[in-house]
Amino acid sequence: DGGFLRERGLSGGGLYPGLARGVPADNARDGRAGRESCPFRRIVLVCMGSLGQRMLGGYHPAVSCEVMPFLHSLLDNYPRLDRLMTANMPTHQGLYALHASRLHYEEDQWRSLGGAENLVTLLREQRFHSISLSGVTRHYGAKDSFFPRLLGYDEFLAQEDLRALYPDAPLCGWGLADSALFQAAVPLLARHREGRALLQITTADTHPGYYHTLPEDVFPEYVRASGSRLFRSLFEADLNLMFFFRALGKAGLSVDSTLFIIPGGHSPTHGTGYRGLTGIQSLETDLVPRVFVTRNPAGNPFRALDPQTPCSQLDILPTLIDGLGLRRIGEGGADPAGRDIRAEAGGGVQGGLAGGIQGRSLFIPGERAVLSKYGNELRLRWQGGDVIARLDGNSDHAAGQNEADTNGSCHEVEKSALRKWYFNQSAR
């Protein structure tokens, strides 16, 4: 697509000196392609924790592109999504929606309704070995259940595992600093050079309270003068990402058959630095960036993406399924909740409130509605008020713009559609 900086009246000349633009070239030759239908042999998914568009200079006038110059260069040169809605609760809700195009992660995990087909299981059919990395302890949020059991990753390395491999790795408030994850990722991916591999990295440094390990003199003047922990964290995250790309290039792993997908994992959870930057005080959903990177632009199945297409994390798996030639899911099981949003697939956005739900998208056009889950309640926030549907059979309620709405009677159609869409044949 390109033109990300130009569209916003930014020249790109403010990129921090010495940082490479775009994907580093290497002289590696692609290995022999297998007979599987997926055109890529390596897929690298970097989920950047709490990264929202309001943190990025291309989207927010109060932020310089110098804060994350490498990520901006990727957004400028590769297919991206500018209107991607996501879960506003960390961390697994957003990751599960991304992997499985489903919302009910808690039910799938704790009520043994798991086994839903997802990106990991579909790529396994294509002979992909899957690896997931997190610098947080495996016990926090039951990550040892979520990644290897629910999603089915072949290997899951958490803080305990990586600490054993890299005892001198720096720490952040959530566990190991993200730099340790990227350091470990390169040899792990290299082990599967002759095969196929999915590598997923969940970062945490940009999650409140915004951690960094670099000395002060490394940051550019703009970042130092800001006094912002958030900006320092974002700048270090950008350097980590750039050095990761470079390391993969030197190892011969950043070749035409490698696809990088870089999303924000979930909406920012509004640490003080973020609230001060945006003026937001409540837990409000932000758009998150998403970019698809490969060295072969002509072979990028996502090259026709319209950046302005309203979409959600639920739409990523169906888009990847068709874009990568994977088996379509839904027959005899739970349908995906999203749709293929690529322009060439005719993935239009359905209008209207109930139509948007039945069209299976968290983002409902025209209303800027956001669907969230709190315990046994589904909460739909839109311009007409909040629609709340109970999942346990108890009475529903709704908070509208006038007193007549508070009994919820005017929202029965929407609540019925919410429940039908949410369960979506999940209890099979």
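Which residues in helix 8 meet which residues in helix 10?

Author: Before the details, please keep in mind that the model is predicted. On the side of helix 8, the residues that take part are Asp-178, Ser-179, Phe-182, Ala-185, Val-186 and Leu-189, and on the side of helix 10 they meet Asn-240, Phe-244, Ala-247 and Leu-248. Sorted by class, this contact of helix 8 with helix 10 has seven nonpolar, two polar and one charged residues.

The next matter is how the two helices lie against each other. Two packed helices are described by the angle between their axes and the distance between the axes. Here helix 8 covers residues 178-190 and helix 10 covers residues 229-250, and their axes come within 10 Å and cross at roughly 15°. Because angles under 35 degrees count as roughly parallel, helix 8 is described as roughly parallel to helix 10. The crossing of helix 8 and helix 10 also has a hand, and that hand is right-handed.

After helix 3 comes Ser-101, whose phi is positive, near 55°.

Strand 8, made of residues 258-263, is mostly covered, since six of its six residues are buried. From strand 8, Thr-258, Phe-260 and Ile-262 point one way, while Leu-259, Ile-261 and Pro-263 point the other way, and all of them are buried. Strand 8 pairs with strand 1 in the parallel sense over four bridges, and in this pairing Leu-45 stands opposite Ile-261 in strand 8. Four bridges also join strand 8 to strand 9, residues 288-293, and these two strands run antiparallel; there Ile-261 stands opposite Phe-292 in strand 9.

Finally, Ser-64 is found in the loop between strand 1 (42-47) and helix 2 (69-77). Ser-64 has a relative accessible area of 18%, and because buried means under 20%, Ser-64 counts as buried. If residues up to four places away in sequence are left aside, Ser-64 touches Gly-57 and Tyr-222.

Methods:
Residues are numbered from 1 along each chain as its sequence is written. This is a predicted model: local features need pLDDT of at least 70, side-chain atom pairs count only at pLDDT 80 or more; totals for chains, interfaces and linings use all residues. Side-chain values use heavy atoms; hydrogens and water are left out. Buried means under 20% relative accessible area, exposed over 50%, partly exposed in between (1.4 Å probe, protein chains only). Contact means heavy atoms within 4.5 Å. Two strands pair if DSSP finds at least two bridges between them. Axes are lines fitted to C-alpha atoms, for helices over the stretch in contact, and angles run from 0 to 180 degrees between N-to-C directions. Angles under 35 degrees count as roughly parallel, over 145 as roughly antiparallel, 65 to 115 as roughly perpendicular and the rest as oblique. A crossing is left-handed if the near helix is turned anticlockwise from the far one by less than a right angle, and right-handed if clockwise. Ala, Val, Leu, Ile, Met, Phe, Trp, Tyr, Cys and Pro count as nonpolar, Asp, Glu, Lys and Arg as charged, and the others, Gly among them, as polar.
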